[in-house]
Amino acid sequence: MMARRLFARPARIAAIAPYLWMALFFLLPFAFVVKISLSQTAIAQPPYVPVIAIAEGGWAGFKAALAQLSLDNFRLLISDNIYVLSYLRSLTVAAIATAIMLLIGYPIAYGMARLPARWQPVAMVLVIVPFWTSFLIRIYAWINILQHDGLLNKTLMALRIVREPVTWLSTDTAMYIGIVYSYLPFMILPLYASLAKLDIGLLEAAADLGCSRLKAFWLVTVPISLPGVGAGVLLCFIPIVGEFVIPDLLAGSDRLMIGQTLWLEFFTNKDWPVASATAVVLLAVLLIPLLVYQRLQQRQLGTD
Amino acid sequence: MATRSIGQLSPFNVVALTLGLAFLYLPIAILVIYSFNASRLVNVWGGWSTRWYAELMNDQAMLAAAGMSFRVAAVSATAATILGTLAALALSRGERFRGRTLFSGMLYAPLVMPEVITGLSLLLLFVAVQTERGFWTVTIAHTTLTMCFVAVVVQSRLGSIDRSLEEAAMDLGCPPAKAFLYVTLPIILPAVIAGWLLAFTLSLDDLVIASFTTGPGSSTLPIRIYSEVRLGVKPQINAICTLIVAAIAVVIVSASLIAKMSSIRGESAAPL
């Protein structure tokens, strides 16, 4: 007990450097995003009219700064259909992709949990390895396969399933394949972690008491795996909403996800204030899933 | 009727596993095979050849980008490992301290935060303080992102070790810092190394955050690859991608060897 108390203080000291780092490079930058989102667009370098610094001129300066704040960018986000549609599309795509991954990932995670104990770590490594492999390369690998004279069309034509090459690239199908492919490990691992905890004795007890396999699965296995389902769903859903690379490379350019819209505003239109406002709204949309995810993560790592 | 005993591997389980793993690995395998294709047409097989690797060696822009990426990854992974390990230590060994919830929140949020938000916000910070953008801004950005992954990996290891060892050391009069260096650190070293390797590969892989935070003229490898990929599939890109996959494979194999040598006790609870 004595030692624990002794150790508590150095642990606080250990927190100082990472705490300051994250406050400076993670938290503080959001203040700048909010600030720029409230300023006016300008053709300049950097391309916005700065809001007067509060330090200049005390209370009067502060009031002047407040008066300069403009909600124009947010008005634009609401009034222009492009943005609203982008947000809706992002949420829809993320929801559909997450649902597909849950359907595919659950049987895989279940199979992993049923493997003999010495094979389970091997299966886990096999699922993790693609996560370590470059994200961009994995998407690029799919461009190879899905292009007009790519391997998929060749295979389908050889099997006489289709007569002419199918257009896969620049479609939603390609985008969903890419998203599922990239994020599947994030779904499988939390599912596996919770399914591996399932005590087989519970299933045997259910069977002894006359429960059918399907019913036992529904009444025993599913409830036990729910924390894993929650973690997997959030781990996939949140980043997919803001995804840029996959829709940009695999989906068509007629309908954009919000990450693409933000990218376009920033890099192509050089409209930093609108890009910032887009980011602020995106963060607001994701706030509740983010908070739920935080609770889950803290509980899982036992820090709360 | 031959009933399978409950909890055994069913044919359905085997099929799910096989299809799942095939789905994860086939695309990369195809990419690697086609990087050795002699034909200029990406989808026509023209026999085995290493000509695209030879051409890659003459692509100065690509080589420069690769150099930049490796330097950023090495520096940011090292900084992230130090900061991440300290953060993990504070979270799993510290009693409640002021702002602790905020601290853990800041550490977990970047794991799922859309990269466009992280990238944009860091860029606006760098512009506001008028930093010249390039190597250091990308390195700082990557350190911020990857130290959170290191913290999670190390923290789950810290949670699974026997605390009585370090307590015994301190009860015997060992100062906490020394107890950490001689008792705790050797035990968690595999997780710390795994954290560094993960941070390194994540940095090497990042496109979005690097695009926001880098300056003109200093491209990283993913930025370079991305601009080529947008123009279509090229055999040279297959070759560079294969090289990256090979480099990462070496990293993973060495990581698992390190883990095996230090024989991790208990389940490795690292979520990644």
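This is a predicted model: local features need pLDDT of at least 70, side-chain atom pairs count only at pLDDT 80 or more; totals for chains, interfaces and linings use all residues.
Let me start with the overall make-up of the chains. If we take the contacts in chain A between residues at least 6 apart in sequence, 72% of them join residues at least 24 apart.

I would now like to turn to two helix contacts in chain A. How do helix 4 and helix 10 of chain A cross? The axes of helix 4 of chain A, residues 81-114, and helix 10 of chain A, residues 213-241, come within 9 Å and cross at roughly 140°. That angle makes helix 4 of chain A oblique to helix 10 of chain A, because an angle has to be over 145 degrees to count as roughly antiparallel. The crossing of helix 4 of chain A with helix 10 of chain A is right-handed. On the helix 4 side of chain A, the residues that meet helix 10 include A:Ser90, A:Leu91, A:Met101 and A:Tyr110, and on the helix 10 side of chain A they include A:Phe217, A:Thr221, A:Cys236 and A:Val241. Sorted by class, the residues of this contact between helix 4 and helix 10 of chain A are 16 nonpolar, four polar and no charged.

The second contact involves helix 12 of chain A, residues 258-268, and helix 13 of chain A, residues 272-300, whose axes come within 7 Å and cross at roughly 160°. Helix 12 and helix 13 of chain A are therefore roughly antiparallel to each other, and helix 12 of chain A passes helix 13 of chain A in a left-handed crossing. From helix 12 of chain A the contact draws on A:Ile258, A:Leu262, A:Glu265 and A:Phe266, while helix 13 of chain A brings in A:Trp272, A:Val274, A:Ala275, A:Thr278, A:Ala279 and A:Leu282. The classes in this contact of helix 12 with helix 13 of chain A are eight nonpolar, one polar and one charged.

Finally, the aromatic rings. Over all chains, a search of the whole structure finds 23 aromatic pairs. One of these is the pair of A:Tyr183 and A:Phe186, which is tilted, with 5.9 Å centre to centre and 45° between the planes. Both residues, A:Tyr183 and A:Phe186, lie in helix 8 of chain A, residues 172-195, and they are three residues apart, about one turn of the helix. A:Tyr183 counts as buried at 7% relative accessibility, and A:Phe186 counts as buried at 18%.

In chain B, B:Phe135 and B:Trp136 form an edge-to-face pair, 4.9 Å centre to centre with 85° between the planes. Are these two partners buried or exposed? B:Phe135 counts as buried, at 19% relative accessibility, whereas B:Trp136, with a relative accessible area of 55%, is exposed.

To end, there is one aromatic cluster formed by A:Phe244, A:Trp263, A:Phe266, A:Phe267, A:Trp272, B:Phe212 and B:Tyr226.

Key. Residues are numbered from 1 along each chain as its sequence is written. Chains are lettered from A and ligands numbered from 1 in the order in which they are written. Side-chain values use heavy atoms; hydrogens and water are left out. Axes are lines fitted to C-alpha atoms, for helices over the stretch in contact, and angles run from 0 to 180 degrees between N-to-C directions. Helices (H or I, at least four residues) and strands (E, at least two) are DSSP runs, numbered from the N terminus. Angles under 35 degrees count as roughly parallel, over 145 as roughly antiparallel, 65 to 115 as roughly perpendicular and the rest as oblique. A crossing is left-handed if the near helix is turned anticlockwise from the far one by less than a right angle, and right-handed if clockwise. Contact means heavy atoms within 4.5 Å. Ala, Val, Leu, Ile, Met, Phe, Trp, Tyr, Cys and Pro count as nonpolar, Asp, Glu, Lys and Arg as charged, and the others, Gly among them, as polar. Rings of Phe, Tyr and Trp (its six-membered ring) pair if their centres lie within 6.5 Å; planes under 30 degrees apart count as stacked, over 60 as edge-to-face and the rest as tilted. Buried means under 20% relative accessible area, exposed over 50%, partly exposed in between (1.4 Å probe, protein chains only).
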